[in-house]
Amino acid sequence: MKSVTDESDGCRSSTAMASKPMQHFRRRAQRTTACACPLARDPPDLRVLLILKRHSGPFRQFFEALWNCKGDVAVQLLGQMQRQELLQILSVCDQSAESLHALFNDVFGSNPSYPYLKRRWQSGQPHGVFQDLALESKIRQLLESRVKECDFPSYWEFPGGDISHRRCGGSGGDDEEEPSSAAVREAFEETGYLLVPTPQYGLDEVIRWGRDLGNTNHMIVCGLPPSRELSDGPQADGDPAEVAECRWVSAPEALSLMRDPNNSDYPNFLRKVLCYFYHATFSKGIAAPSITRELKDALEAMRRFMEAELLSKAQEKELQRMISVYNAWKSKHPPPPAPERETRKQEMLQFVLQCSRSNSQVSSQVTYGAGQLPTSIEKREPRVARSSV
């Protein structure tokens, strides 16, 4: 694998995401977006490029709940915000409507659809809803109950945004940006890295989300141009008005950082992508003419990662059954015959490889469902230990 670089209302977007046209707001707030999944290097050293936006998803959704007059939703979102965001809301609790409007402007001011968002905000009753919620005591209680800020980590995500949507004068139709182009453009605007799409892997997919699945997000796998390496750095500065930080991280770290409880699509799509690369790299490794100690350790690390992160719940359950049968057999045959032991271990390994290959060819929503978050968030039953490959 050559070096490859490791969504709401608005214009259509792509995986380095974009915003949709304003008519999408009028059509039941439907949105089409696109995100870039930037990868670099090969497993097990594969890297993923993630961004940390200045304002988290729950913080932005808080304002959407206010303009939709959904006070109960706004209160629930408080528990998912960062400490500094809670303090920002607390600072305007006793202030005039202008203070709340100023905070809204800070959050959405850089959005391409800001003029429409502002009209929608002003046509609602956000300040009245906000005052009726009496949030001050709720926020202070939340702040006091948090022992450590690290218990509420930041929500990292893929670069992405709404797809550019322009009216064509002569034809009267719409000229809409290609999802892959929007992903590349948004990634460059947000991170400064100029990426290239990698359709040859066949991993891109379209994810439907929201009410009646009326919103669309194009997930586009991207990479660095062949002439560039990670050490070269970005070609330009990112957008500090929208992005607080961007970072190349390992695959396990990427899954642990994408912790937004309202968005499991990103980590699940990354799982699908990783299934492809880890399956290919592992299969090539075990077929090597000679396996050195270094390669054996790398293969063991990859196998453990595939088992822990890349299986669906049903596949994980079946592997647990196979491991239990294997351990029961070992206890009845001390010491177990070496040839049969290796045969049974290979059966489990081939099961994991078959699962990873299958998962890379199926929609991530079908394989992992809408609710499977990273293992660091979602508690799983402890795996029964078994010998290494």
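This report describes a helix, a helix pair and a strand pair in a predicted model.

## Helix H2

Helix H2 spans residues 57-67 and is mostly covered, with nine of its 11 residues buried. The buried set consists of Gly57, Pro58, Phe59, Phe62, Phe63, Glu64, Ala65, Leu66 and Trp67.

After H2 comes Cys69, which has a positive phi, near 60 degrees.

## Helices H12 and H14

Helix H12 (residues 293-309) packs with helix H14 (residues 338-359) at an angle of about 65 degrees. The two axes are 10 Å apart, and the crossing of H12 and H14 is left-handed.

On the H12 side, the contact involves Arg303, Met306 and Glu307. In H14 they meet Leu349, Val352, Leu353 and Ser356. Sorted by class, this contact has four nonpolar residues, one polar residue and two charged residues. An α-helix has 3.6 residues a turn, so residues three or four places apart point the same way.

Strand E8 covers residues 205-209. Glu205, Ile207 and Trp209 make up the covered face of E8, while Val206 and Arg208 lie on the uncovered one. In a regular strand the side chains alternate between the two faces of the sheet.

E8 is joined by five bridges to strand E9 (residues 215-223), and the two strands run antiparallel. Ile207, on the covered face of E8, stands opposite Asn217 in E9.

Note on methods
Residues numbered from 1 in each chain as written. Predicted model: local features only at pLDDT ≥ 70, side-chain atom pairs only at ≥ 80, totals over all residues. Heavy atoms only, no water. Buried < 20%, exposed > 50% of the residue type's maximum accessible area, 1.4 Å probe, protein only. Helix = DSSP H or I, 4+ residues; strand = E, 2+ residues; numbered from the N terminus. Axes fitted to C-alpha atoms, helices over the stretch in contact; angles between N-to-C directions. Left-handed = near helix turned anticlockwise from the far one by under 90°. Contact = heavy atoms within 4.5 Å. Nonpolar A, V, L, I, M, F, W, Y, C, P; charged D, E, K, R; others polar. Pairing = 2+ DSSP bridges.
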